[in-house]
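Hi everyone, thanks for coming. Have a look at the model on the screen, and I'll walk you through a few spots in it.

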Amino acid sequence: MSELNELYQETILEHNKNPRNFRDIEDADKTAVGNNPLCGDALKVYVKMDGDVVTDVAFKGSGCAISKASASMMTQAVKGKNRAEADQLFDEFHRMVTGELDIEKDENHLGKLRAFAGVLEFPARVKCASLSWHTLNAALHGDDAVSTE
Ligand code: ZN
């Protein structure tokens, strides 16, 4: 399982074990569900907004370590951001895991999210890593469901 060994960096393992914001938000302003049928990842994202700012964001669901860790780190990254900043992070994250953005050379705001740069080498895992972001994007833009297929 060398693929997994390379992928499961310490940060990802830790977030999988202790996912942050792993709960629902009863009075969420926006929610969306996301499914990655290839791997069996399924999650729901809850967003609480104050005007244009994401004041709280959480998720529930089940899936592989990468999808769970990515969702956990996504919630930390977008909390307190406005919609445009969240959109920018989604765009940068997506371009990182698909190889369009070079985290060493290209300016970006990814910070800890760079832990997922390695999934680029494992195409089947790209959808696991980006599922929570696609789901957040759907929630923020009024879609209630997203599937990576
Ligand atoms: Zn997965």
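Let's start with a question: is Phe22 buried, partly exposed or exposed? Phe22 is partly exposed, with a relative accessible area of 35%. In these terms, buried means under 20% relative accessible area, exposed means over 50%, and partly exposed is in between, with a 1.4 Å probe and protein chains only.

Quick housekeeping. This is a predicted model, where local features need pLDDT of at least 70 and side-chain atom pairs count only at pLDDT 80 or more, while totals for chains, interfaces and linings use all residues. Residues are numbered from 1 along each chain as its sequence is written, and side-chain values use heavy atoms, with hydrogens and water left out.

Okay, rings. A pair of aromatic rings is described by the distance of the centres and the angle of the planes. Rings of Phe, Tyr and Trp (its six-membered ring) pair if their centres lie within 6.5 Å; planes under 30 degrees apart are stacked, over 60 edge-to-face, and the rest tilted. Searching the whole structure turns up 3 aromatic pairs. In one of them, Phe22 and Phe59 have ring centres 5.1 Å apart and planes at 65°, so that pair is edge-to-face. Phe22 is in the loop between H2 and strand E1 (30-36) and Phe59 is in strand E3 (residues 53-62), so the pair ties together parts 37 residues apart in sequence. Helices here are DSSP runs of H or I, at least four residues, and strands are runs of E, at least two, numbered from the N terminus. Phe59 counts as buried, at 2% relative accessibility.

Then there's Phe93 with Trp133, a stacked pair: 5.3 Å centre to centre, 20° between the planes. Phe93 sits in helix H4 (residues 83-97) and Trp133 in helix H5 (residues 123-140), so this pair links parts 40 residues apart in sequence. Phe93 and Trp133 are both buried, and together with Phe116 they form one aromatic cluster.

Back to Phe22: what sits over its ring? The charged end of Lys68 does, 5.2 Å from the ring centre. The rule is NZ of Lys or CZ of Arg within 6 Å of the ring centre and within 35 degrees of the ring normal.

Lys68 also turns up where H2 meets H3: Thr11, Ile12, His15 and Asn16 in H2 touch H3 residues including Lys68 and Met73. Contact means heavy atoms within 4.5 Å.

That's my tour, thanks!
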